[in-house]
Amino acid sequence: MKVKISELRPNPFRNIEHYPIDAEKVKTLVASIGQTGFWDNILARKEDGQIQIAYGHHRLAALKQAMKLGDSVDIPVKPLDDATMLKIMANENMDEWKTSPGVIDETVRATRDFLTQHPEEVHIKDR
């Protein structure tokens with residue numbers, strides 16, 4: 001789906017203040033976009049009229065620097081529920097960030113907050 005860069009919103013479960021954007025990583029991504037263009041490696045959903053990304057916050061920051069906010073990019077937009085958005089964010093960041101204590105803490109906080117608000121999402125497997 002073609003989406004204007006300015007319309008892309010962060011994952012509602014990612015607290016940018018606690019899960020900061022790494023400027024060096026963004027700089028590297030900007031250079032990559034300049035050399036080979038943008039690949040559709042951001043996943044998003046449409047929720048309440050907004051396009052929210054599941055992962056790819058550094059890529060989004062790089063897009064905002066490498067292109068104009070009014071430019072459009074082609075990204076996959078899928079029907080993702082809140083639980084899936086949280087899982088995708090956690091899985092992507094655990095792999096990408098190589099599990100630093102700060103990332104683990106923020107992932108646990110976001111998961112705890114989500115499960116407190118959505119107890120129906122707790123699934124206990126039979127042993």
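Visitor: Which element supplies the largest share of the lining of the largest pocket?
Guide: This is a predicted model, in which local features need pLDDT of at least 70 and side-chain atom pairs count only at pLDDT 80 or more, while totals for chains, interfaces and linings use all residues. Residues are numbered from 1 along each chain as its sequence is written, and side-chain values use heavy atoms, with hydrogens and water left out. Two helices (DSSP runs of H or I, at least four residues, numbered from the N terminus), α3 (82-96) and α4 (101-117), each supply at least two lining residues. The largest share, four residues, comes from α3.

Visitor: Which residues line that largest pocket?
Guide: A pocket is an open set of points on a 1 Å grid over the protein atoms alone, where a 1.4 Å probe fits, with protein on both sides within 12 Å along at least five of seven lines; lining residues have an atom within 4 Å of a point. By that test the lining is Ala83, Leu86, Lys87, Ala90, Thr111, Phe114, Leu115, Glu121 and His123.

Visitor: What is the order of the strands in the open sheet?
Guide: Strands are DSSP runs of E, at least two residues, and two of them pair if DSSP finds at least two bridges between them. The edge strands, each pairing on one side only, are β2 (8-9) and β3 (43-47). β3 pairs with β4 (residues 50-55) in the antiparallel sense over five bridges. The sheet has mixed pairing, and its order is β2-β4-β3.

Visitor: Which strands does helix α2 touch?
Guide: Helix α2 covers residues 57-66 and packs on the sheet. Taking contact as heavy atoms within 4.5 Å, the strands touched are β2 and β4.

Visitor: Is α2 largely enclosed or exposed, and why?
Guide: Buried means under 20% relative accessible area with a 1.4 Å probe, protein chains only; exposed is over 50%, and partly exposed lies in between. The buried residues of α2 are His57, His58, Arg59, Leu60, Ala61, Ala62 and Leu63. Because seven of the ten residues of α2 are buried, the helix is largely enclosed.

How values were computed
Axes are lines fitted to C-alpha atoms, for helices over the stretch in contact, and angles run from 0 to 180 degrees between N-to-C directions.
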